[in-house]
Amino acid sequence: MIDFLPTGIELSYLVAVTLFFFGLKKLGSPATARNGNILASIGMLIAIVATLLNQQVLNYGTILIAIAIGSAIGGIAAYKVEMTDMPQMVGLFNGLGGAASSMVAVGEFWRYLATADAPPLPTTVTAVLGVLIGGVTFTGSLIAFAKLQGIMSGSPILFPLQQPFNLALLIGFVSASVYICVQPFNVPVFLALVGISLVLGVLFVIPIGGGDMPVVISLLNSFSGLAASAAGFVVMNNLLIIAGALVGASGIILTVIMCKAMNRSITNVLFAGFGTGEGTAAAPSASGGATNKSVRNIDPEEGAMMLGYARSVVIVPGYGMAVAQAQHSVKELVDMLESLGVDVKYAIHPVAGRMPGHMNVLLAEANVPYPQLYDMDDINPQFEQTDVALVIGANDVVNPAAREDKNSPIYGMPILDVDKAKHTIVIKRGMSTGFAGVDNDLFYKDKTMMLFGSAKDMVAKLASEVKQL
C-alpha cells in the first residue's frame, strides 16, 4: 500500500505553490495586493504545516519554540516599523533569508562530516552555491540597511584596486570550491569559503551610493531567493526550490523595472558610484541660495487660492510626503478641493519614495480611491491641460533636466512632466538636492512657486486656507 504521508506532503506543496503564483499575480496591482498577500500567506502556512509532518523532523519542541520567537519578533517589527523605513526592513529580511540559506548549506556539510560519508558531487556544488549567495546576501543586506538607516555614510566607499581585489577574492572562492568538491572533508577550506562569501557581500555593496540602495535591495532580494533555491537542492525540498526560484525571478524583474524607470543599466547602478544621498540644503530664499538662481516663494494663503479656484489639480507625492507622514493631510486637502468642484488626480512615478509601490501604499492608508492614482505614462499627457500641479516632497522624478539637459547625470530618466502644467507648486523644506545629487531645474521655472516647510504642516495650512474660500 502506498504511504499516504509523503504523497500528501507533496500535494500540499502543490497547493502552496499554486497559492504563491496567484498571490504573486495579485501583488502586481495595489487594488488586489492585500488579497494577494493573504493568498501567499495561506500558501506558506500550508507549506510549513506540511513540512512539519515530514517524518524526518526530529525535534518538534525546538522548532515550535523557534517559530514562536520568530513570529513574535516579526509581528512586533512589522507593526512598529514606519512606512518610510520599509526598505530597511526588507533589507534585513533579505539578509536573514540569505543567512538562513547559508546556514542550511553549512549544516548539511557538517552532517556529512559527522557521518564520514562523502556527499554526492551535486550536493557539494549546491552547498557551495548556497554559501556564496547566502553569505553575499547576508552581509550585503546589512550594509544596505546601514546606509539607508544612516548608520553609515550613503556615499560610495572606494579604495585603490578595489575591483581587482574583488576579482581576486572571487577567483579564490572558485578555486577553493573546486578543491572542496575533490576533498569535501577539508574543514579549513570550507570555512574559508564562508568567510570569503561574507567579505564579498560587504565589498559588493559599499561602492554603491545610498540613492541606489532600493535597487540594490531588490537585487539582494533576488539573491535571497536564489540562495533559498540552492538550499532546497541541498535538502531535497521541492517547495523550497520553487519558492526560491519565484523570489529570485520576481526580484530580478523588479530590479530591471526600477533601472528602466531611472534609465540606467544594472551595471551602472552597481559600479558607477551614483546616488550619494540628499545634498546639503541651501537656505530657502528668493535668491535660491548657493545656486544664484531666482525662485518664487508663496505663502499658504496664495497657494490655497490657486488650488481652490483651479479646475484641475494633479498631486505628485514624493519621499518628503512619506517622511512627514502627510498622506492623511493630503487626503483632507483633496476632499476640500473636490467639494469646491476641482478635479483632482494623483501622479505616481514608478520609483517615487524608496521602493516601487511606496506611494500607493501610503495613499491607500489614507483611503485615497485607487482610480484617482495614475501612473506616469497615463498622467503625463494630461499635464498640459492641468491648472496646478502640486509637488509634495518629490525631487529627482520631476526634474526637467532629465528631459532637457544632455549633460545631466539623470538625462534620459523618465519623469513626471509637472513643468508642463499651467502652474506648479512645490512643497519642500529647502533647496536641497535629491538622492541623485542633482540641482532641480523645476524650482527655477517661471511657472513654479515654492512653498517652503514640512510637507505635513504646509498641506495642513493649505487645507485650512482652502476651507476659508
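The following conversation discusses a predicted protein model.

Q: What kind of model is this, and how are residues numbered?
A: The model is predicted: local features need pLDDT of at least 70, side-chain atom pairs count only at pLDDT 80 or more, and totals for chains, interfaces and linings use all residues. Residues are numbered from 1 along each chain as its sequence is written, and side-chain values use heavy atoms, with hydrogens and water left out.

Q: How many helices and strands does the protein have?
A: The protein has 17 helices and six strands. These are DSSP runs numbered from the N terminus, with helices being H or I of at least four residues and strands being E of at least two.

Q: What box do the C-alpha atoms fill?
A: Along the principal axes, that box is roughly 80 × 55 × 35 Å.

Q: What share of the residues is buried?
A: Of the 469 residues, 48% count as buried. Buried means under 20% relative accessible area, exposed means over 50%, and partly exposed lies in between (1.4 Å probe, protein chains only).

Q: Turning to helix pairs, at what angle do α4 and α7 cross?
A: Helix α4 (residues 86-115) and helix α7 (residues 187-205) cross at roughly 175 degrees, and their axes come within 12 Å. Axes are lines fitted to C-alpha atoms, for helices over the stretch in contact, and angles run from 0 to 180 degrees between N-to-C directions.

Q: What does that make α4 and α7 relative to each other?
A: They are therefore roughly antiparallel. Angles over 145 degrees count as roughly antiparallel, under 35 as roughly parallel, 65 to 115 as roughly perpendicular and the rest as oblique.

Q: Which residues meet there?
A: Ala105, Val106, Phe109, Trp110 and Leu113 in α4 meet Val187, Phe190, Leu191 and Val194 in α7. Contact means heavy atoms within 4.5 Å. By class, this contact of α4 with α7 has nine nonpolar residues, no polar ones and no charged ones. Ala, Val, Leu, Ile, Met, Phe, Trp, Tyr, Cys and Pro count as nonpolar, Asp, Glu, Lys and Arg as charged, and the others, Gly among them, as polar.

Q: And how do α11 and α17 pack?
A: Helix α11 (residues 300-308) and helix α17 (residues 455-467) pack at about 65 degrees, with their axes 8 Å apart. In α11, Pro300, Glu301, Gly303, Ala304 and Leu307 meet Met458, Lys461, Leu462, Glu465 and Val466 in α17. The residues of this contact of α11 with α17 divide into six nonpolar, one polar and three charged.

Q: Is Thr448 buried or exposed?
A: Thr448, in strand β6 (residues 448-452), counts as buried because its relative accessibility is 1%. Leaving out residues up to four places away in sequence, Thr448 touches Arg296, Thr424, Val426, Leu442 and Phe443.

Q: Which residues are buried in α14?
A: In helix α14 (residues 358-365), the buried residues are His358, Met359, Asn360, Leu362 and Leu363. Their cover includes β1 (312-317), α12 (319-324) and β2 (343-348).

Q: Where is Leu161 found?
A: Leu161 is in the loop between α5 (121-149) and α6 (162-182). Its phi is near 55 degrees, a positive value in a residue other than glycine. Most residues other than glycine have a negative phi. Leu161 is exposed, with a relative accessible area of 67%.
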